Amino acid sequence: PPAHSRNDWIGPPDKHSNLRPVIFYVPPEESPLERRLREARQEAQACNQHFWERHNRAFRQEKEEFIYSRLKAKGMEMRDETGQKATLNAEEMADFYKDFLRKNFRKHMQYNRDWYKRNFTITFLMGQVALVRALRWLRWKKKNVGN
Amino acid sequence: GLFVWHLKNAGARQVPCQFVHLCRVANDRLITFQYFNFLKRMYVTQYNKDLSQRAKPKSDSVASPFRELQQLDREKKVIHRIRPASPLHQPLPETLSRNELREMMSAAETEDSIMPVRAEPKEDRQWKEMKLQLDDLPGILARLSKIKLTALVVSTASAGFAMAPVPFDLTCFLLASLGTGLASCAANSINQFFEVPFDSNMNRTKNRPLVRGQISPLLAVCFAASCGVPGIALLTLGVNPLTGALGAFNIFLYTCCYTPMKRMSIANTWVGAVVGAIPPVMGWTAATGSLDAGALLLGGILYSWQFPHFNALSWGLREDYSRGGYCMMSVTHPGLCRRVALRHCLALIGLSVAAPVLDITTWTFPVISLPINLYISYLGFRFYRDADRSSSRKLFFCSLWHLPMLLLVMFTCKKSFLEKEDKGDLLGGNRGRAMEIRLP
């Protein structure tokens with residue numbers, strides 16, 4: 001993002017976590033409230049990134065292992081004659097999906113609680129910041145009109 | 001680039017319709033376009049009706065942008081093939097209206113995914129300033145409120161209104177529709193507000209406004225409040241309190257029950273079915289002011305319809321649901337998923353028979369609706385027995401035209417309330433005369 005920009009910038013989805021990273025703008029005259037908001041957002045971003053990166057990586061890995069073990073059980077190789085990766089059809093993958101979901105259920109529950117809390121806090125802080133800014137702007141306007 | 005631009009101008013609405021034509025025209029060896037969007041890394045090729053899934057992992061190296069372009073080229077070729085097919089179908093009026101509806105409904109499902117995949121592959125890889133663009137705002141809010149789904153919800157509510165055995169009141173109808181639409185916008189916005197990281201991870205939903213940072217969560221919540229509060233107020237004050245209460249309850253059910261439950265238990269599907277069933281009940285109560293058997297019957301029909309519709313759709317999304325942590329029957333209890341879908345297809349037949357019993361329609365309704373109900377039940381049975389992608393897709397697409405057709409037939413077979421009023425008049429007249437005698 002350009003140096004002169006006064007806004008946050010959001011980027012393309014991360015290839016592991018599928019989340020879009022945000023670069024936060026730090027204004028020179030940042031109030032404590034605004035700093036709290038920014039830090040909360042940064043923390044949430046870091047947490048989300050960490051969770052999903054690990055989770056997606058685990059998913060991919062376990063999926064490969066599952067395919068490999070199933071193919072071996074069927075007596076097939078990982079790659080066929082043309083060099084393409086051999087695959088399983090959707091019905092065979094269904095067992096894996098069911099298992100994976102069950103295994104990660106508690107992890108998801110914890111993440112959900114965490115995410116909802118963070119989301120509410122951040123939005124509430126945003127509301128506070130917006131209110132403060134609006135009041136400041138009104139006061140500034142009144143001052144200018146007075147002059 | 002130019003081609004993509006042209007498509008963007010032509011509007012996404014055109015394409016789902018044409019895509020659907022392609023599905024019906026080509027039988028073997030068709031690359032299902034929808035899957036380019038639903039599952040970015042996999043494509044399903046149909047070789048003589050045998051479907052297999054091929055995992056095409058995107059290589060992390062420089063080759064990936066090239067492959068994306070390749071995908072884009074392939075998509076363009078698919079579009080080219082689609083376009084010549086459509087004029088063949090234009091002259092047939094029924095297919096046109098059916099496909100318009102189908103286009104509307106499948107667009108609701110696929111709009112999020114179809115447009116951006118073609119128009120946005122390059123933009124997607126750029127950094128964007130997180131500043132609210134005012135001229136984009138209408139589009140952003142439309143996507144935030146899932147405007148197409150909202151339109152369908154409003155149309156089911158108006159079906160409920162139309163079926164009520166009272167004289168048609170235009171202002172009431174418009175107020176009820178507007179109120180329901182606003183309530184639906186609010187509920188959808190809050191749903192997206194809650195689900196940002198999960199939406200980013202699922203192919204179907206990763207282009208939503210909050211995921212892409214086009215709008216801040218604060219603004220999304222304010223928008224939801226500014227739709228929900230006037231919407232419910234309009235329903236309570238402008239129509240009647242019962243409808244307002246139902247609207248508020250539905251928003252609560254959707255945002256605070258269904259959305260969190262999606263990640264906790266498979267019971268979310270049943271809750272979601274109730275959410276879908278309430279709008280026609282709201283339409284009915286808006287017209288009559290009371291919860292009659294007719295309202296419950298219409299709600300029941302929508303409730304039963306949700307199951308074949310959603311279960312069939314979720315069958316193809318199992319990977320995304322599993323990875324995203326969503327507890328859906330299709331992942332955890334596949335047998336139950338198919339049984340429930342079939343059960344409710346059959347329930348629709350039963351409900352259609354109940355309609356004339358409850359004096360809502362004439363007896364022609366179950367007779368005329370029997371073919372379509374039998375057809376969806378047949379597809380439900382095929383889905384139950386075969387449990388594969390093609391049967392799930394057939395069932396899903398059938399559900400898209402089955403519902404509007406059923407509601408239309410129901411409306412045409414509506415029991416004219418004049419017949420009922422005649423009977424009422426006779427009694428009223430007698431009573432009136434009796435009263436006159438008593439007065440001095």
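Predicted model: local features only at pLDDT ≥ 70, side-chain atom pairs only at ≥ 80, totals over all residues.

Q: OK, the interface. How many residues of chain A are in contact with chain B?
A: 48 residues of chain A touch 49 residues of chain B, with contact meaning heavy atoms within 4.5 Å.

Q: And how much area is buried there?
A: About 4,200 Å² between chain A and chain B, and carbon and sulfur atoms give 60% of that. Buried area here is the accessible area (1.4 Å probe) that two parts lose on being put together, summed over both.

Q: What about salt bridges between the two chains, how many?
A: The count is 1. B:Glu319 and A:Lys63 make that kind of link through their side chains, at 3.2 Å, N to O. The rule asks for a side-chain nitrogen of Lys or Arg within 4 Å of a carboxyl oxygen of Asp or Glu.

Q: How many residue pairs are in polar contact across the interface?
A: 15, with both residues at pLDDT 80 or more. A polar contact is a pair of N or O atoms within 3.5 Å; within protein, one must be able to donate a hydrogen and the other to accept it, and residues adjacent in sequence count only if both atoms are side-chain atoms.

Q: Which elements of chain A give two or more residues to that side?
A: Strands E1 (9-10) and E2 (22-23), plus helices H1 (32-74), H2 (90-103) and H3 (105-146). H3(A) gives the largest share, 13 residues. Helices (H or I, at least four residues) and strands (E, at least two) are DSSP runs, numbered from the N terminus.

Q: How do the residues on chain A's side divide?
A: Into 25 nonpolar, 15 polar and 8 charged. Ala, Val, Leu, Ile, Met, Phe, Trp, Tyr, Cys and Pro count as nonpolar, Asp, Glu, Lys and Arg as charged, and the others, Gly among them, as polar.

Q: Switching to the sheet: what is the strand order?
A: E2(A)-E1(A)-E3(B), an open sheet of 3 strands with antiparallel pairing. E2 of chain A and E3 of chain B stand at the edges with a single partner strand each, so one side of each has no neighbour in the sheet. Two strands pair if DSSP finds at least two bridges between them.

Q: How many bridges does E1(A) make with E3 of chain B?
A: 2, with E3 of chain B covering residues 128-129. E1(A) also pairs with E2(A) over 2 bridges.

Q: What stands opposite A:Trp9?
A: B:Glu129 in E3(B), and A:Ile23 in E2(A).

Q: Back to charges. How many salt bridges over all chains?
A: 18. One of them joins A:Arg41 and A:Asp8 at 3.2 Å, N to O. A:Arg41 is in helix H1 of chain A and A:Asp8 in the segment before E1, 33 residues apart.

Q: Are those two buried or exposed?
A: Both A:Arg41 and A:Asp8 are buried. Buried means under 20% relative accessible area, exposed over 50%, partly exposed in between (1.4 Å probe, protein chains only).

Q: What does B:Lys262 meet in a salt bridge?
A: B:Glu195, at 3.3 Å, N to O. B:Lys262 lies in the loop between H11 (241-261) and H12 (268-288) and B:Glu195 in the loop between H8 (170-194) and H9 (196-201) of chain B, so the pair ties together parts 67 residues apart in sequence. Both residues are buried.

Q: And B:Ser330, where is it found?
A: In helix H15 (residues 329-332) of chain B. B:Ser330 counts as buried because its relative accessibility is 1%. A polar atom of the B:Ser330 side chain lies 3.2 Å from the backbone oxygen of B:Ser314.

Terms used
Residues numbered from 1 in each chain as written. Chains lettered and ligands numbered in written order. Heavy atoms only, no water.
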